[in-house]
Amino acid sequence: MRILLIEDNPGDARLLQLMLKESGSLSLEVIQADRLSAALKYVAEMPIDVVVLDLSLPDSQGVETLIRMHTAATTLPIIVLTSIEDEALGLALIQAGAQDYLVKGQATGPLLTRALRYAAERKRTEEDLRSSFNLLRTLSRRLEAIREEERGRIARELHDQLGVGLTCLKMDLSRMPAIMNEAIISKEYA
C-alpha cells in the first residue's frame, strides 16, 4: 500500500513512519510531503492508495486543507491526523470527505494501520457500489427503451391487424345491402 504522508514536522513524520513500520501487518511504502502543494503534485503524478493528512501546514490550514486535497483527489481515501482534538472539527472533516479523524499522541501504530486498511477498503467498497449503481442505471435505461420498443411494436401490430380486420368488416358491411337485396329478390322468384 502506498501512503502519502502530508506532515511538515520532521519529528512527527519520522514517528509516524516508525509506528507504521513497527505495526508490520501491511506492506507499506510511505511518501512524505511537507507542504500541501507538494502533496498535490504527488497525487497528480503517481498512484497513491491512502493519504494521511495534517491540517496545519505552511501553505494550508484547517478544513480548507482537506477540501483542497479532496478536490484534487476525489477517489483517494484521506485520513486526517492532527494535534487538534475537537469532536465538532472531526465531524466537519468527515462530512467534508475524510475517511477518518485521528489525534496525534492518541494514535498508535496498530490504530493507524487499521485506519489505513479500513479507509482503503471503504473507498474500494464505495467505488464498487458506485460502479454497481451506474450499471443498474444503465440496465434500467435499457429496460425502459426495450419496453418502449415493445409498446411501439404491439401498437403497430394491433394497428395493422385490427386495421385490416376492420377494413374487411367495413367492406363486408358496405356490401350487405346488396347481398340482402339479392336474397330478397331470390326469395321472390323462388
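This report covers the sheet, the helices packed on it, and selected side-chain contacts in a predicted model.

## Basis of the values

The model is predicted, so local features need pLDDT of at least 70 and side-chain atom pairs count only at pLDDT 80 or more, while totals for chains, interfaces and linings use all residues. Residues are numbered from 1 along each chain as its sequence is written, and side-chain values use heavy atoms, with hydrogens and water left out.

## The sheet

Five strands form an open sheet in the order β2-β1-β3-β6-β7, with parallel pairing. The edge strands, β2 and β7, each pair on one side only. From one strand to the next the twist averages 20°. Strands (E, at least two residues) and helices (H or I, at least four) are DSSP runs, numbered from the N terminus. Two strands count as paired if DSSP finds at least two bridges between them. Axes are lines fitted to C-alpha atoms, for helices over the stretch in contact, and angles run from 0 to 180 degrees between N-to-C directions.

Strand β1 (residues 2–6) has 4 of its 5 residues buried, so it is largely enclosed by the rest of the structure. Buried means under 20% relative accessible area, exposed means over 50%, and partly exposed lies in between (1.4 Å probe, protein chains only). With strand β2 (residues 29–33), β1 pairs in the parallel sense over 5 bridges, and here Ile-6 stands opposite Ala-33. With strand β3 (residues 50–53), β1 pairs in the parallel sense over 4 bridges, and Ile-3 stands opposite Val-50.

## From β3 to β7

β3 and β6 pair in the parallel sense over 3 bridges; Val-51 has Ile-78 in β6 as its bridge partner. Strand β6 (residues 78–82) then pairs with strand β7 (residues 100–103), again in the parallel sense, over 4 bridges. In that pairing Ile-79 stands opposite Asp-100.

β6, helix α4 (residues 87–95) and β7 make a right-handed β-α-β unit. A crossover is right-handed if, with the strands pointing away from the viewer, the path from the first strand over the helix to the second runs clockwise.

## Helices on the sheet

Helix α2 (residues 36–45) lies across β1, β2 and β3 and runs at about 140° to β2. Helix α5 (residues 109–189) also packs on the sheet, where it touches β1, β3, β6 and β7. The direction of α5 makes about 170° with that of β7. Contact means heavy atoms within 4.5 Å.

Ala-44 is found in helix α2 and, at 66% relative accessibility, counts as exposed. Ala-44 and Pro-77 are 33 residues apart in sequence and 15 Å apart in space, C-alpha to C-alpha.

## Surroundings of Thr-82

Thr-82 lies in strand β6 and is buried, with a relative accessible area of 0%. Not counting residues up to four places away in sequence, Thr-82 touches Asp-54, Leu-55, Tyr-101, Leu-102, Val-103 and Lys-104. A polar atom of the Thr-82 side chain lies 3.4 Å from the backbone nitrogen of Ile-84.

## Salt bridges

The structure holds 13 salt bridges, each being a side-chain nitrogen of Lys or Arg within 4 Å of a carboxyl oxygen of Asp or Glu. One of them joins Asp-54 and Lys-104, with the closest N and O atoms 3.2 Å apart. Asp-54 lies in the loop between β3 and β4 (56–57) and Lys-104 in the loop between β7 and α5, so this pair ties together parts that are 50 residues apart in sequence. Asp-54 is buried, with a relative accessible area of 4%.

In helix α5, Arg-130 and Glu-127 are 3 residues apart, which means a separation of about one helical turn. Their salt bridge has its closest N and O atoms 2.5 Å apart. Arg-130 is partly exposed at 41% relative accessible area, and Glu-127 is partly exposed at 31%. Another salt bridge links the side chains of Glu-149 and Arg-142 (3.9 Å, N to O). Glu-149 is partly exposed, with a relative accessible area of 48%, and Arg-142 is partly exposed at 46%. Salt bridges that share partners join Glu-7, Asp-12, Asp-54 and Lys-104 into one network.

Definitions and conventions:
Polar contact = N/O pair within 3.5 Å; in protein donor to acceptor, adjacent residues only side chain to side chain.
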